[in-house]
Structures are given as structure tokens and as C-alpha cells.
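Try each task before reading its solution.

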Amino acid sequence: MRASPVAFAGPQRHNDPGIAFDALPRIDVVLVSHGHYDHLDLPTLSRLAAKFSPRVVTPLGNDIVMRGADDAIRAEGFDWKDRVALGDGVAVTLVPTRHWSARGLFDRNKTLWASFVLETPAGKLYSVCDSGYGDGTHFRRVAASHGPLRLAILPIGAYEPRWFMRDQHMNPEDAVKALADCGAAQALGHHYGTFQLTDEAIDAPVIALGEALDQASVPREKFAALKPGQVFEVV
């Protein structure tokens, strides 16, 4: 599999999914943050639609892309700050993030991008999707509007060279600052180790995260970087 509009070129996967498709439990809802190929994978969404017919919650415009490819995909488009009830005491709010979108040469920023705050009976989770750090405003606003947060899922990879990537992807040092800004009790890292998208080594984000935590005097167990399929219990 490649994160690319074509099958013969582009970044390849470096590992298998943590759970094989045929071993998945029932999927009721899918969150898709934006239209880049490593996030909006139409073949996988079609397979999910055929097997489970889940709701697909996504920022505005991506729903049109999905339904245009396969009208069986139950895509629902929402704007920033929209709150969507999912049932059983669970809801999701789309929140701004510092990124961009495109799937081709002529559709830059024609669809929206977002991160997600999930409300659950066990507490609130902040899933930060692709995002630059900027001045940290987005993270502090989420803390003010949606806190307290039990867990933040923060991107830590695809960040070199910094002069080019800093406005769209955080590095581990930025992610540690984002954790402090949003005030979550626990963090997990994502957006690393699957596709080689940028210049840093594929294992560099995990190493750099440990160094950034030590530099900020944050216990390493507060911000974990998991392997595909690894289970983590939030306490």
C-alpha cells in the first residue's frame, strides 16, 4: 500500500496495521481528519462500508470526495466547532488545527481539515490530527473550551526539514509543548513509523520524543509512543 494517488509510486507502508481487517470488531463510526492520502484512504473506507456501513464523520468537502468515489460510504461533512452526537453518551466536536488539504494539483484547501474532541462516559479525548504547533493557540483553546482532558493523541512524526514542515507538522518537542498547553492527563503519540513521508529516519520520532520529555522534565510514562497493535490502558 502507498500513500499516493497512484499504486506504482509514493511512500509505502513500513508495517502492517495493528489489527488485520478481517479481525476488526464491529465499526460503528469512523473519523477522517482531512483529505491527504495517508489519512483519507478510499479503498479502505469502501471495505469498511461494505462490511460494517459505519457513519463517517469528516470536515466539510471530504464527504463529497468519499461519496463521489463510492456512494455506499456514509460520509457526513461538518464544520469546525460542530458537535455530533454518536450515541451511548459519546459525541465528537470538530476543532481547528494548523494544516491544509489537497488530493491533486488544483484542489488545494478546497476541503476542510480538523482535529477531534471526543466526549465519552469515561472522560474526554483530544485527537490531534496533522497539525503544526504555531504559537500553541489551538491547544490552549481546546483546554479552555473542552477541558479537562483525560487523554491527548498527538502527532510526533513527519517533521523534517523544519523550515518546510514546521507550519504543518509538529516535531516531538512541539508535541510536548502541545501536551502542556492542552492540559491532558496522559498522551499517546501517532503519525510516525508507518509511511516514510519526510527526511527524518523512520525511528527518529520515538527517540526524539524521549529526549524532549526529559528536556521538559515530563515523566516518559506520561507520553507514550506505541507500536502497531499495542494496547494501552488509560488510568
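**Exercise 1. In which strand is phenylalanine 223 found?** Then describe its surroundings.

Before the solution, a word on conventions. This is a predicted model, in which local features need pLDDT of at least 70 and side-chain atom pairs count only at pLDDT 80 or more, while totals for chains, interfaces and linings use all residues. Residues are numbered from 1 along each chain as its sequence is written, and side-chain values use heavy atoms, with hydrogens and water left out.

*Solution.* 
- Step 1: Phenylalanine 223 belongs to strand β10. Helices (H or I, at least four residues) and strands (E, at least two) are DSSP runs, numbered from the N terminus.
- Step 2: With a relative accessible area of 2%, phenylalanine 223 is buried. Buried means under 20% relative accessible area, exposed over 50%, and partly exposed in between (1.4 Å probe, protein chains only).
- Step 3: List the contacts (heavy atoms within 4.5 Å). Leaving out residues up to four places away in sequence, phenylalanine 223 touches Leu154, Ile156, Ala175, Val176, Leu179, Gln186, Ala187, Leu188, Gly189, Leu209 and Leu213.
- Step 4: Glycine 189 is 34 residues apart from phenylalanine 223 along the chain, and their C-alpha atoms are separated by 7.0 Å.

**Exercise 2. How many residues has the largest nonpolar core?** Find the elements that contribute to it.

*Solution.* 
- Step 1: Start from the term: a nonpolar core is a set of buried Ala, Val, Leu, Ile, Met, Phe, Trp, Tyr and Cys residues joined through side-chain atoms within 4.5 Å.
- Step 2: The largest such core has 24 residues, and those with the most contacts inside it are Tyr126, Phe139, Leu154, Met170, Cys182 and Phe223.
- Step 3: Two or more residues each come from α3 (137–146), β8 (151–155), α5 (172–182) and α6 (204–215).
- Step 4: The top contributor is α5, which gives five residues.
- Step 5: A second, separate core has 14 residues, including Leu48, Ala49, Val56 and Ala75.

As background, nonpolar side chains tend to be buried together in soluble globular proteins.

**Exercise 3. Which residues of α5 are buried?** Follow the helix to its end.

*Solution.* 
- Step 1: The buried residues of α5 are Pro172, Asp174, Ala175, Val176, Ala178, Leu179, Asp181 and Cys182.
- Step 2: Because eight of its eleven residues are buried, α5 is largely enclosed by the rest of the structure.
- Step 3: Just after α5 comes glycine 183, with a positive phi of about 75°.

**Exercise 4. At roughly what angle do the axes of α5 and α6 cross?** Classify the packing and its contact residues.

*Solution.* 
- Step 1: The α5 and α6 axes come within 8 Å and cross at roughly 50°. Axes are lines fitted to C-alpha atoms, for helices over the stretch in contact, and angles run from 0 to 180 degrees between N-to-C directions.
- Step 2: The two helices, α5 and α6, are therefore oblique to each other. Angles under 35 degrees count as roughly parallel, over 145 as roughly antiparallel, 65 to 115 as roughly perpendicular and the rest as oblique.
- Step 3: The crossing of α5 past α6 is right-handed, a term used if the near helix is turned clockwise from the far one by less than a right angle.
- Step 4: Pro172, Glu173 and Val176 of α5 meet Pro205, Ala208, Leu209, Ala212 and Leu213 of α6.
- Step 5: By class, this contact of α5 with α6 has seven nonpolar, no polar and one charged residues. Here Ala, Val, Leu, Ile, Met, Phe, Trp, Tyr, Cys and Pro count as nonpolar, Asp, Glu, Lys and Arg as charged, and the others, Gly among them, as polar.
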